[in-house]
Amino acid sequence: MSNQQSSAPIQENKMGTMPIGKLVFNMSLPMMVSMMVQALYNIVDSIFVAKLSENALTAVSLAFPLQTLLIAVGTGTGVGMNALLSKSLGEKDFKKANKTATNAAFIYAVSYIVFLILGFTVVKPFYRSQVGSADAEIMTMGVDYLSTVMIFSFGIFTQVFFERLLTSTGRTIFSMTSQLSGAVTNIILDPILIFGMFGAPKMGVTGAAVATVIGQCVAGLVAGTCNHKFNHEVRFQFKGFKPDFKIIGTIYAVGIPSIIMSALVSVLTFGMNIILKAYEPAAATVFGVYFKLQSFVYMPVFGMNNGIVPIIAYNYGAGKPKRITDTLKLGVICSVAIMTVGLLLFQLIPVQLLGMFAPTDDMIRLGETALRIFSVSFVFAGVSIVLSSGFQALGNGFYSMIVFIVRLIVPTLPFAWLFGIIGGVDCIWWSLPVSDLLGLIVAILLMRRIYKNVISKMYDKQDESSAQVQQA
């Protein structure tokens, strides 16, 4: 696919000129809305599946680690593309921006081939490692669901690629349009394909997977069309294309830490499922339900971050440090406000939240305590997420990875194991808040370091330039 205009735009992109408050609102609100809808259809999936049986809900919940890995590769690559492409536009290097987009398209094509192969090879062993041979029904439903999602993952890769390309150039409204179209398609098709409505075959759990895949394909088609018609700052150059491994390396220098961060959620959920099932079978289902519910709180923050990353990266390339710091400050304030609302909801109405998933008595007993304890970590995590996005936008994805590992992996699973020995299942839930507090401390320390080594030097350079102008 090739965008129409060959001439570089004369006017500076709005990311370098619009007032920060208005710009963050303009860039982030569409992304926040689309991510909220994304969270909605993730939950709707589980709500409909829960009406089949608790085993059906468990089968879908256990797919979460590999599904997360799939999405991690797509979105992580997008983070690397976003940072490099927006920085190139800030530097007015349109040739490099075009090459970045073309090489990113190549990366996404290769990524799909990898997951196509995995969809045929690893799904059965993956489920067997979690449920063994005792739960044949969960095994069958889970394999059918996850295989469908992975084999037809070209939809999600196409969607993420074009959406991030639109976001990189500030066209978040079109990214929102594509996500909304995919989410609405999924929500409409879920009950039809799961329960066999309007003459459609009753496909059960597999129907949820088919609805998801079709929704992703629709979103990818809409995002690609919007990019072709409206995104004139970046053009693809496939004629005589050869992979530029320097650009691919730069994309992955930022993207791989992001991929690893998201992929580590797979490690977390996989490990927690094993730990929790050793205590009570319903505990693993509660943990899966929590991840669905918390997406309502986290997704708006992630949507805001998707809006501020290109702003920071663009102004990093343009040499405008104040716009970087103002964006980070506003991002932290908004994130804390969103997370506080989520904290209050999980503290005040945990039973009502669980009630959406046709819970058993055991799920309510365990889940009420779990949701209240887990939500203690929301505000800690919100600040860490914004600071991590700042690291990525400034080209230091490694710092983001460090924060994420401290937040979710290195302490969490050992704490969960230890707390379980000390106080049982209810004590295990505290492993997440403790880890998120440690992650916040590390994020603040690293931001102080990157401010000293990167942002403050940008201020110094700006002051020198101003002094030279005055002398002239």
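E280 and R365 form a salt bridge (a side-chain nitrogen of Lys or Arg within 4 Å of a carboxyl oxygen of Asp or Glu), with their closest N and O atoms 2.7 Å apart. E280 sits in the loop between helix 10 (245-277) and helix 11 (281-318), while R365 belongs to helix 14 (residues 361-374), so this pair ties together parts that are 85 residues apart in sequence. Helices here are DSSP runs of H or I with at least four residues, numbered from the N terminus. The model is a predicted one, in which local features need pLDDT of at least 70 and side-chain atom pairs count only at pLDDT 80 or more, whereas totals for chains, interfaces and linings use all residues. Residues are numbered from 1 along each chain as its sequence is written, and side-chain values use heavy atoms, with hydrogens and water left out.

Both partners of this bridge are partly exposed, a class that falls between buried (under 20% relative accessible area) and exposed (over 50%), using a 1.4 Å probe and protein chains only. The relative accessible area is 24% for E280 and 43% for R365. The two residues also belong to a network of salt bridges that includes D362.

In total, the structure holds 6 salt bridges. One of them joins the side chains of D326 and K322, at 2.8 Å from N to O. These two residues lie in helix 12 (residues 321-348), 4 residues apart, which is about one turn of the helix. D326 is partly exposed, at 24% relative accessible area. Another bridge pairs R372 with E368, whose closest N and O atoms are 3.0 Å apart. Here, too, the spacing is 4 residues, about one helical turn, within helix 14. R372 is partly exposed at 31%, and E368 is partly exposed at 28%.

Turning to the aromatic side chains, 22 aromatic pairs are counted. Rings of Phe, Tyr and Trp (its six-membered ring) pair if their centres lie within 6.5 Å; planes under 30 degrees apart count as stacked, over 60 as edge-to-face and the rest as tilted. In the pair of Y108 and F161, the ring centres are 5.3 Å apart and the planes meet at 55°, so the pair is tilted. Y108 lies in helix 4 (residues 94-121) and F161 in helix 7 (residues 154-168), and the pair thus links distant parts of the chain, 53 residues apart. Y108 is buried, with 4% relative accessibility, and F161 is buried as well, at 5%. Elsewhere, one aromatic cluster is formed by F287, Y290, F291, Y298, F302, F346, F374, F378 and W429.
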